[in-house]
Amino acid sequence: SSAMAYKRNPMRSERVCSLARYVIGLPNAAANTHANQWFERTLDDSAIRRIILPEGFLATDVILTLLANISDGMVVWPEVVKSHVMAELPFMSTEVILMECVKAGGDRQELHEAIRVHSMDAGAVVKGEGKPNDLLERIAKDPLFAAIHSKLDTLVDPKLFVGRAPEQVTEFLAEEINPILEANKSLLAEQSVDSVNVTGDEVENVLDMPHSALPICPMPHLRGANQSHHIPMHDAPCLIHESSDASYFFPILFPWSCLSHSYLAQWTRTRENRLDSNPTGVKAGGDRQELHEAIRVHSMDAGAVVKGEGKPNDLLERIAKDPLFAAIHSKLDTLVDPKLFVGRAPEQVTEFLAEEINPILEANKSLLAEQSVDSVNV
């Protein structure tokens with residue numbers, strides 16, 4: 001991203017979502033045709049068939065190609081999973097801890113009240129102060145739970161809380177997934193050549209073609225292109241295929257080939273505007289490209305630490321140590337003040353309360369002053 005060096009755009013996922021939205025809408029046209037026609041062999045299905053049948057299959061084919069590409073590059077971050085699990089697991093383990101203490105001769109009511117209080121206090125620390133969950137530390141210091149202090153770590157092993165999930169996954173893979181993969185191994189071995197990315201030159205060639213020469217499906221001349229000139233598919237307008245028969249109105253779905261010169265110019269202007277936004281480092285005389293690459297590398301490295309090792313985000317520390325960013329080292333803390341990123345939100349809230357909410361409250365203050373006698377507690 002030219003404006004946000006840390007960002008990784010989910011372009012392909014967004015494209016799948018956009019195309020799927022189109023495909024999901026196609027059955028409505030078929031249902032409306034069926035409801036009106038009743039299989040009476042009229043020809044009012046002729047035009048709609050020519051549109052929704054080929055485009056439905058073509059769009060779905062692109063969706064599947066994209067999904068194969070997305071899933072092939074999917075990454076699981078075990079340390080991130082672990083950090084999320086361990087943030088909640090102490091609360092989930094309270095029942096196990098309670099029962100083990102009861103088995104050791106403890107009083108259930110007394111233990112229950114003690115662990116409830118510890119849980120509420122730990123929850124207040126997490127939610128109110130943003131600190132890590134310290135429930136286990138509280139239990140480890142409470143003599144009421146002395147019977148399980150020596151084995152507390154083993155009682156909160158995540159493996160004790162997954163039930164038969166590992167066996168169920170193994171069975172599902174063996175009984176459902178592996179037979180499908182085996183039956184289609186010849187297809188899976190084929191290398192897909194489909195692509196929905198094209199180059200700038202190809203765009204110009206298509207834009208210079210007369211409408212009557214545009215293919216119904218522009219895919220054949222769009223394959224195997226690089227990804228350096230990508231515009232999101234969901235931004236693409238439609239082209240009308242010039243023909244005497246109105247049934248050949250085809251909203252071309254694939255990127256670039258359906259873009260007008262004006263849209264291309266608009267996108268270029270938008271991109272230039274973003275590049276000219278002059279962040280603080282550039283204002284201080286730094287080279288934008290060099291700074292962008294440096295902060296991109298720092299962002300990726302910091303992200304790897306967060307996701308791969310489950311450690312806190314250290315991006316600011318990395319920037320503070322990099323001499324390329326020396327111009328802003330003294331004011332780095334002020335540049336990441338959350339108040340700089342909320343825009344006019346505080347003023348908008350104040351205006352909304354003053355103009356919309358307060359008049360309603362004032363108009364109904366007599367009703368609000370009444371004491372309700374209704375209750376659903378018995």
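The following legends describe close-up views of a predicted model.

**Figure 1. Overall composition of the protein chain.** The secondary structure comprises 17 helices and 0 strands. Of the 378 residues in the protein chain, 24% are buried. Among contacts between residues at least 6 apart in sequence, 64% join residues at least 24 apart.

**Figure 2. Packing of helix α1 against helix α2.** Helix α1 spans residues 11-37, and helix α2 spans residues 46-72. Their axes lie 9 Å apart and pack at an angle of about 155°. Because this angle is over 145 degrees, α1 is roughly antiparallel to α2. The α1 and α2 crossing is left-handed. On the α1 side, the contact is formed by R12, S13, R15, V16, L19, A20, Y22, V23, L26, A29, A30 and T33. These residues meet I48, I52, E55, G56, A59, T60, V62, I63, L66, L67, N69 and I70 of α2. By class, the α1 and α2 contact consists of 16 nonpolar, 5 polar and 3 charged residues.

Figure 3. S18 is a residue of α1, the helix formed by residues 11-37. With a relative accessibility of 15%, S18 is classed as buried, since the cut-off for that class is under 20%.

**Figure 4. Packing of helix α4 against helix α5.** Helix α4 covers residues 94-103 and helix α5 covers residues 108-129. The two axes come within 10 Å and cross at roughly 150°; α4 and α5 are therefore roughly antiparallel to each other. The crossing of this pair is right-handed. From α4, the residues T94, I97, L98, M99, C101 and V102 take part in the contact. Their counterparts in α5 are R108, L111, H112, I115 and S119. The contact of α4 with α5 divides by class into 7 nonpolar, 3 polar and 1 charged residues.

**Figure 5. Cysteines C17 and C101.** C101, one of the α4 residues that meet α5, has a relative accessibility of 3% and is therefore counted as buried. C17 has a relative accessibility of 42% and is counted as partly exposed. A disulfide is a covalent bond between the sulfur atoms of two cysteines. With a limit of 2.5 Å between cysteine sulfur atoms, the count of disulfides in the model is 0.

Definitions and conventions:
Residues numbered from 1 in each chain as written. Predicted model: local features only at pLDDT ≥ 70, side-chain atom pairs only at ≥ 80, totals over all residues. Heavy atoms only, no water. Axes fitted to C-alpha atoms, helices over the stretch in contact; angles between N-to-C directions. Helix = DSSP H or I, 4+ residues; strand = E, 2+ residues; numbered from the N terminus. Parallel < 35°, antiparallel > 145°, perpendicular 65-115°, else oblique. Left-handed = near helix turned anticlockwise from the far one by under 90°. Contact = heavy atoms within 4.5 Å. Nonpolar A, V, L, I, M, F, W, Y, C, P; charged D, E, K, R; others polar. Buried < 20%, exposed > 50% of the residue type's maximum accessible area, 1.4 Å probe, protein only.
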